[in-house]
Structure formats: structure tokens, C-alpha cells
Amino acid sequence: MLNRHWRSVSLFLFYLVLLSSAIAKTSRNLDSGPDFPCKPPNFNSYPFCKTSLPIRQRALSLISLLSLPEKLGQLSNTASAVPRLGIPPYEWWSESLHGIADNGPGVSFNGSVSSATSFPQVIVSAASFNRTLWFEIGSSVAVEGRAMYNVGQAGLTFWAPNINVFRDPRWGRGQETPGEDPLVVSEYGVEFVRGFQEGSKAKVLRRRFGDDDDDHDHDDVDDKLMLSACCKHFTAYDLEKWGNSTRYNFNAVVTEQDMEDTYQPPFRGCIQDGKASCLMCSYNAVDGVPACARGDLLQKARAEWGFNGYITSDCDAVATIFEYQRYTKTPEEAVADALNAGVDINCGTYMLRNTHSAIELGKVREDQIDEALLHLFSVQLRLGLFDGDPRKGQFAKLGLDDICDPSHRKLALEAAKQGIVLLKNDMDLLPLNKNDVSSLAIIGPMANNVSNIGGGYTGKPCEPKTLFHGLLEFVRKTSYAAGCPDVSCDSGTGFAEALSIAKEADIVVVVAGLDLSQETEDLDRVSLALPGRQQDLVSRVASVSKKPVILVLTGGGPTDVSFAKTEPRIGSILWIGYPGETGGQALAEIIFGDHNPGGRLPITWYPESFTEVPMTDMNMRADPPRGYPGRTYRFYTGPQVYPFGHGLSYTKFSYKIISAPISLILSELFSQPSRKKLLQHREEQLKFLRLDEVSVSSCESLRFEVRVAVTNTGEMDGSDVLMLFWTMPAVFAGVPRKQLIGFDRVLVRSHGVTESVFVVEPCKHLTVANGAGKRVIAIGAHVLVLGELEFALSVEF
């Protein structure tokens, strides 16, 4: 027993030395470029360095050369070096949610790169409902990430995007997500991942610079990655701290029905269609089992969804299995459960410290470690990490000039402009004519604050501009007063100054809402009202201003601004969220009409009364007997401040359906014997068909198009977001009130007409999960809805 104790201590000290060495090497500035494996002349002759071999063969060769301690040293996000093979340490944890950020140790702004383009927070970009924009953001962030890697200030594996559904308006990290609709969240994830891992810019670079290695195995070429993206947090994660529940100990009790049609679709899409190379399991438990120990869910991603990549835990999520959730009796069992479930790497040191003893106790086998390393090394190989000097590789010419590139900042500005939502515009107060405005006042603690304008996971922006300075570009006589000492607004000591400048100005802009002191990682809200005395500030300023004021709302989560919605002294309301480094310019261009707003809310805005609903209740469907109103526009039955999809324009649009089918015949999905057998086993009238009764190939035969004409009937060019909703017969409990099945953003010139086409796949878009979590398509009268247009679609057997 004593010898075993000292053996464990010595191994721990060995890992500690390796970890300290790795941290020291990965944290230093390497302006000359990153350290890399397979350096000539001593370390480039190993089989894993031969680019002509298939990736799997190279990975297996590398694994075969490692000792057990060397293997275990790879199980932390800060992977240890293997000096005898010429392999330097590697940091897996870099962040890129809406621009390269230094929240993780893999990114540093302490060298020749001191900043990177900060795009709007995800919730704002999502409000554009523009797939092309999402793809280009992912691609641009990837270019800057790869450039930063080339100068030794970033890794190649980034832990973004966050594709959890924004289920509860109080969630502090909802701002990081694309909103509450599973289709929108899924589509955002697909586009961002595609752009990030192998986007248009990567292909342009290949054509421009060529591929310096002609010996790549052809089967692997299409599997190469520019950078690695990670879909997180798997799954049913959307609570930080509410009451006694925290993300570390919360058990999300989820019905099979909600799991199938709300929580899982974004991850399935991110993997199947986006081809993400990383999946991150979350802290919380799902139905009593920690998410990082849910082998059924993690293996489903590989076996059914075709996941080809590595699975990482959220940081210390393996530790929470034992330390917080007490799901296991020992740390070794926690490590074993995670590895058995399919987790390949632990963010943190828990696996590093406990896996060897787990092996000694017989709870983990070495071949399980090998399987994890196969996934890890395969991704590194796909990234070209073992292809030699990256300064001579495919993306070698990316460097300092590609970071904070003017085209990226222009894209960030476009994203902010497209994502800002005009919620109210009484009497067409906006846009303003700058020639008619001689003086302007902007009031609010966020009005001249640049530090929190990007939201969570913001790095070091290139050229941030405050809202105040953005307006100053249009009206030189612009004055500013904070009104409140900070966003919490617990004091009215600044009210007098705010009221004073409001009385003198021609136009008054009041900035209210949230910042990261109110909502962020590890911090949920308890109220949906404006913080502190903000409402009092808005109302008092509105009462003294010469004209109705313009209210600008910041923050990712919705706020109950019912008072402003109905107050005639508040003429216009704009939601800007966290608009990023170009937010000041974007807001000014919209207020003065250089850009016509077209954003739509990606989340329902609830009244303060919604806070009576327990945040821990994961049910999406309403339950009237117990007074539960449901969640999101799909199921919520209570009052709203603003609905999902709401957003105004400075012009007007009208729609016309050019063509759409009036019926679908489902019997075409089955052979004649199958039809007879199906009907014979139905004792009651046929109300719906289960999707697992038909093949994917036969589903494709039902695909149809809905062609739409959009007319701009106003005097100003503008973008319109077309949102195609669907309602189905109530064939069983829990049918959505309506569901988004398609969206498109189109630019329409004044008095012009633009056509758009929605491709509807019935087996995907016209289905819902039944109580057992099985996808079904209902027989009967369906309705497709576009704006105020409704048209019937009969689904028959």
C-alpha cells in the first residue's frame, strides 16, 4: 500500500512538471511563429509526419510510440510535450465566439497582435436572419485565428459556437446564442462552423497560395481543417445560478418530446450539416446523469449523426461528476464514467490527476485512452499540426495584415446594422434628418462606455467606438450624461445633469438596458425589468425633452419595457444588444437613415410576471392545470412585450405567393404492401405517420417549393426578413402553436419586387415529436403562414 502511494505521488509530480512546462511554453510570446512537431532534421522521419499516409494511420502510428504516462499527459486541455518525439505542448482551449478572444489560455494579445476584430455578440448577428452573413463572420474570424496562430498567439482548436437554445429570458449566457428557435440556432451553427472550419476564404487562400504538399492522401484532402470549431454545450444547458441550483449541480429533467424537437436539433445540425470537429459536453446532469457521463447521447452523436472529431468536457465538468453532483463515489469513477461515455479530453487537470489510478483500479483500460487519443490526434492532423513548419504550409502567408483587416471591420459594421431591431417608431420619428438636428443629447451609463459593448467572450477590439462618439460623427453638438453611476443604477445622483442636457437638446437619445454586470457566465437575472432606477431615468428624461425621445436598449436578454412601448413621449425604441466594436457607427447610421433597419427579434420578450416561472422547469410545452405557460413562441401561452420575429422598417413590404402546393400525398412514401400493412395495423382513423416508418430517400420525394414575391411599397430601399411559419393539426398534446420552417433576408429597392424561394422538406420541416420523442407528420389540414398571408396545405395518406 505504501509503495503504491509513493508511486501515485511520483506520477502526480511527473504530470505537474509536464503541465508547468506546457503552461510556460504556451503562454510565452512566440512572434517568430508557433512551436510545432515534425521538425527536421531530427523529428520529421516518423510515420506520423508523412503527409502521404492516411490520417488514421498517422494517428495510430503516433499513439503506438507513446508510453502510458505520455498518453495520460494528453488528457488535459494543456497537453504535455513529448520531447523525445519532438512534440511540443499544445493548448486546446482557444475562444472565438464572435471574434478571437483571450478568455482561454490559447489566445494572447501580449505580443505583436494586440487586438482582433470584435463582431457583434451572437444574439445580435442572429437577429439579422442572414445565413450568408453568419458564414462570412465565421470565415473572417477563422482567418484572424489562423493568422494569430502563425505568430504564436493562438491555437488551432476553438471552442465556439454556443448553440444552446435560449430557453429562459433570464439566462446570463443567452446573449451568446442565436436565440430561442431550434431551426435558427441550428442554421447559425451550421453556417458559422462551415465558414470557420473550411469557409470561402480558406478556399480562396488555397487557390491563391496553393498547397505546398502535393503528397496529401486524396481521401483526406476534403477532411482538412483551417481551424477546428466546437459545438457547445451538449446538452440541455441554459442555467447559471437560480436559487440553490447552479450549472455545476443542476439536473435538467427533460421529456423525450422536448429533447427531440428543441434541445437536440441544433447539435444534430451542427454535426451532420456543419461537420463540426468538436463537441463539448456540459456541466449539468440530464435526467439524473451528468452530461459528460451520458454515453447514450455522446455515442449517438458518433453513431447516428456521423460525428468525426473529439469530445471535450466543459472546464472541470469531469470534476463536477464527483465533486458537485456526487454521481460517483470516487474521482476515479468520475474519470472512468466520462471516458466510458466517450469524452476524449478534460478541460482542466482532473483526468491528468486521476486517470492513472483509475487504470490501476481496473476502471479504465489503456485501449480506451488510445481511442480518445485517436480522436484528438486525428483532429490535429486534419489541422496540419504534424505537417511540418506552418510558416511553409497552406495558410503560411496569413499574418499581421489579416488581423483587424478593414474588410473584417466592414463586415462587423454590416452585422451590427443588420442585427439592430427597430421595436417602435411612432409617427415615423426615425430616421432623423441630420440637417434638421442642431443639437443632440445622449444619456445613459452605457452611452459612452466601450468596455462592455461587445458582451461576453469579447477579446481586444481593433478600434472600438462608443455610442456617443458614433452620434458625434453626425451631430457635432452632441452632449453626454451618464444619468446613473453604472448600469445597476442604484442612485439618482446623476439625474440632474441628465435632465439639464435633455431640456436643451433638439433630440434626446436615452440608452438603457443591460451589461455584463447584469447577465453573463455564472450570472442569471432575477428580474426582467430595467435595472435599478433606469426606468425612472428614462421616464423623467422623456418628460422634459422637447420632442419624443429615442430609447436605445442594450443587452442580450429581453427586458420588460411595457412602460416605454405605450408611452407617447418615447417615440422610438431600438434594441442594439451588444453590437461590438462598430456598434456606435451602426446605431448612428440607423438613427440618421444611412441604413434602413431590418433586424428581427430572435427571442420572445416576456413581461416581468414571467419571473414567477421556475427557471429550473425545462418543459417547453404549456401545462394549464398547474399554471405553467410554456416557453418560447412555439409553446408560450402568456402575454408578451414583443413577440419573436418582431422588427420594423423605415419602409413597407407586401407579399404575394407565386406558387405553392395545395396537397401532399404521403402514401407515395410506401410500397403497396407496406400501405396495406400500415392501414391494417391502425384500428382508429389515421391521424399521423411516424418518420421512423419511412426511409430518408423516400422523404426526399415530398420536397416542394414555396415561391414568394416581395414588394417594397415605400420610398426607401430596405432589407426584409421573410419568415415562413407552419401550423399543424392538433393530433396529440404538445403540438406547437406555430413553428418557423424557413427564413430569408432579401434586399428590395423602393417600389421594387424581389422573389424568394423556400424549399420545404416535409420530413424535416412539417414534423413534430410525439410524447415518446418520435418524429411524426400529421394527416389533415396544415397551414403555412407568411406575414399576414395564410395558405392551406392538405396532407393526405
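How are helix 2 and helix 15 oriented to each other? The model is predicted, with local features needing pLDDT of at least 70 and side-chain atom pairs pLDDT 80 or more, while totals for chains, interfaces and linings use all residues. Residues are numbered from 1 along each chain, and side-chain values use heavy atoms, without hydrogens and water.

The axes of helix 2 (residues 55–64) and helix 15 (residues 366–382) come within 9 Å and cross at roughly 125°. Axes are lines fitted to C-alpha atoms over the stretch in contact, and angles run from 0 to 180 degrees between N-to-C directions. Helices are DSSP runs (H or I, at least four residues), and strands are E runs of at least two. The two helices are therefore oblique to each other; angles under 35 degrees count as roughly parallel, over 145 as roughly antiparallel, 65 to 115 as roughly perpendicular and the rest as oblique.

Contact means heavy atoms within 4.5 Å. Among the residues that meet are I55, R56 and L60 in helix 2 and D370, L373 and F377 in helix 15.

A pocket is an open set of points on a 1 Å grid where a 1.4 Å probe fits, with protein on both sides within 12 Å along at least five of seven lines; lining residues have an atom within 4 Å of a point. A volume is the space filled by probe spheres set on the points.

| Pocket | Volume |
|---|---|
| Largest | About 1500 Å³ |

E260, R268, Q272, C763 and R775 lie nearest the centre of the largest pocket. In the second largest pocket, strand 21 (718–727) gives the largest share of the lining, five residues.
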